[in-house]
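This report describes a protein from its overall build down to selected residues. Please keep the sequence and the structure in view while reading.

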Amino acid sequence: VIKCKAAVMWEANKPFSIEEVEVAPPKAHEVRIKIVATGICRSDDHVITGGLVMPFPIILGHEAAGVVESVGEGVTSIKPGDKVIPLFVPQCGECNSCLSTKGNLCHKNDIGSGAGLMPDGTTRFTCKGKAIHHFIGTSTFTEYTVVHESAVAKIDSAAPLEKVCLIGCGFSTGYGAAVQTAKVEPGSTCAIFGLGGVGLSVVMGCKAAGASRIIAVDINSNKFSKAKELGATDCVNPKDFKKPIHEVLIEMTGYGVDYSFEVIGRTETMAAALACCQYNYGISVIVGVPPAAQKITFDPMLLFTGRTWKGSVFGGWKSKDSVPKLVADYMKKKFVLDPLITHTLPFTKINEGFDLLRTGK
């Protein structure tokens, strides 16, 4: 058992508490990782506010990179000392999503069920004598974590962990939504709703795919300069208009955009993103985590005319196969990650990090 520091969330809508936790050794087909760097993602905050329902107490965090400390029985693909990225979408290689070329959401994921446990139904964390839940099979807001072998990717030993941790969620999720899920084509027009780290990664994906017009939409105009730096051709603040934003985008493009992306997690913007894409062959992708217990009401004529509405988890990438390749592409300078890093804080200042997230900084 390893004793280390972790940021424990004891209950909803409270700050993180830095505690000493006990991390059990890995069981068969499990890997214990020393976390070196972790990003803060809005999905972690959704758990705190109740938008994404998970059991408490819990150790959140799912976008990270680290070094393998030890492995359980039967683990052959990974050894102590390897640099790795934990995968919140595992890849078991056996379920029908893993076996299909069309899917990537492995059945072993814990996003939908929200059990907060390892695949065997138990936890590896205890604090003050209490069992602490895992978060989507990763739990990276701790100095050590345990993940299943299907939920970890070995990466280039030369990769800078404090940068490539973003490939564990934000960058891959956004970039893949454009190049994998939507399959944006050269010369096309795109609209991206929400310019956080994931939204900016969608902008990068649309640019890499050769889109001729990339319209960035956010109610925070401070985000526009970075969006332009990464490839946005137009920036639009819905607050500047009296009319609904989808009408503004249709006027700007003539017929609506070829591809739209909702990267916030709000039902109103999901509906607007659908409405702003071309009425017959437009494709709209939901990337932001939808809020719990909310429903969307929309005119089915929007789909009848031919539009496609789809979702994308982890950018559509098959995680174990794709993460090492994405890290290799980063090392070959095929894309940048630095513009997505706004602040670097010590672990004990995690609450300040979340304040920065919530204020759009």
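## Overall build

Of the 361 residues in the protein, 53% are buried. The model is a predicted one, and every value in this report is computed from it. In secondary structure, the protein has 11 helices and 15 strands.

How does the radius of gyration compare with that of a compact globule? For 361 residues a compact globule would have a value near 21 Å, and the protein has 20 Å, so the two agree. Along the principal axes, the C-alpha atoms fill a box of roughly 60 × 40 × 35 Å.

## Surface and charge

The accessible surface amounts to about 15,700 Å². Carbon and sulfur atoms account for 55% of this surface.

The protein carries 38 positive and 34 negative charges. The mean position of the positive charges and that of the negative charges are 2 Å apart.

## Aromatic pairs

How many aromatic pairs does the whole structure contain? The search finds nine. One of them joins Phe 141 and Phe 354 in an edge-to-face arrangement, with 5.9 Å from centre to centre and 85° between the planes. This pair links distant parts of the chain, as its members are 213 residues apart. Phe 141 lies in the loop between β7 (130-132) and β8 (144-148), while Phe 354 belongs to helix α11 (residues 350-358). Are these two residues buried or exposed? Both Phe 141 and Phe 354 are buried.

Tyr 330 counts as buried because its relative accessibility is 14%, below the cut-off of 20%. Phe 335 is likewise buried, because its relative accessible area is 8%. Ring pairs connect Tyr 330 and Phe 335 with Phe 171 and Tyr 175 in a cluster.

Thr 173 is part of helix α4, which covers residues 170-182. With a relative accessibility of 7%, Thr 173 counts as buried.

Which residues does Thr 173 contact, leaving aside its neighbours within four places in sequence? They are Phe 88, Val 198, Val 287, Phe 314 and Gly 315.

## The loop between α1 and β4

Gly 51 sits in the loop between α1 (42-49) and β4 (64-71). Its C-alpha atom is separated by 7.7 Å from that of Pro 290, although the two residues are 239 residues apart along the chain. Apart from neighbours within four places in sequence, Gly 51 is in contact with His 46, Pro 290, Pro 291 and Ala 292.

Pro 57 is found in the loop between α1 and β4 as well. The peptide bond leading from Phe 56 to Pro 57 is cis, and its omega is near -10°.

## Two residues with positive phi

Ile 136 lies in the loop between β7 and β8. Its phi is near 35°, a positive value in a residue other than glycine. Ile 136 is buried, because its relative accessible area is 7%.

Ala 293 also has a positive phi, near 60°, and is a residue other than glycine. Ala 293 occurs in the loop between β14 (283-286) and α9 (301-304). Is Ala 293 buried or exposed? At 78% relative accessibility, Ala 293 counts as exposed, since the cut-off for this class is over 50%.

## The segment after α11

Lys 361 is located in the segment after α11. Lys 361 is exposed, because its relative accessible area is 60%.

Not counting residues up to four places away in sequence, Lys 361 touches Thr 342, His 343 and Leu 356. The C-alpha atoms of Lys 361 and Lys 163 are separated by 18 Å, and the two residues are 198 residues apart along the chain.

Note on methods: Residues are numbered from 1 along each chain as its sequence is written. This is a predicted model: local features need pLDDT of at least 70, side-chain atom pairs count only at pLDDT 80 or more; totals for chains, interfaces and linings use all residues. Side-chain values use heavy atoms; hydrogens and water are left out. Helices (H or I, at least four residues) and strands (E, at least two) are DSSP runs, numbered from the N terminus. The radius of gyration is taken over C-alpha atoms; the globule rule is 2.2 Å times the number of residues to the power 0.38. Buried means under 20% relative accessible area, exposed over 50%, partly exposed in between (1.4 Å probe, protein chains only). Accessible areas come from the Shrake-Rupley method with a 1.4 Å probe; for residues, only the protein chains shown count as cover. Lys and Arg count as positive and Asp and Glu as negative; His and the chain ends are not counted. The place of a charge is taken as NZ of Lys, CZ of Arg, CG of Asp or CD of Glu. Rings of Phe, Tyr and Trp (its six-membered ring) pair if their centres lie within 6.5 Å; planes under 30 degrees apart count as stacked, over 60 as edge-to-face and the rest as tilted. Contact means heavy atoms within 4.5 Å.
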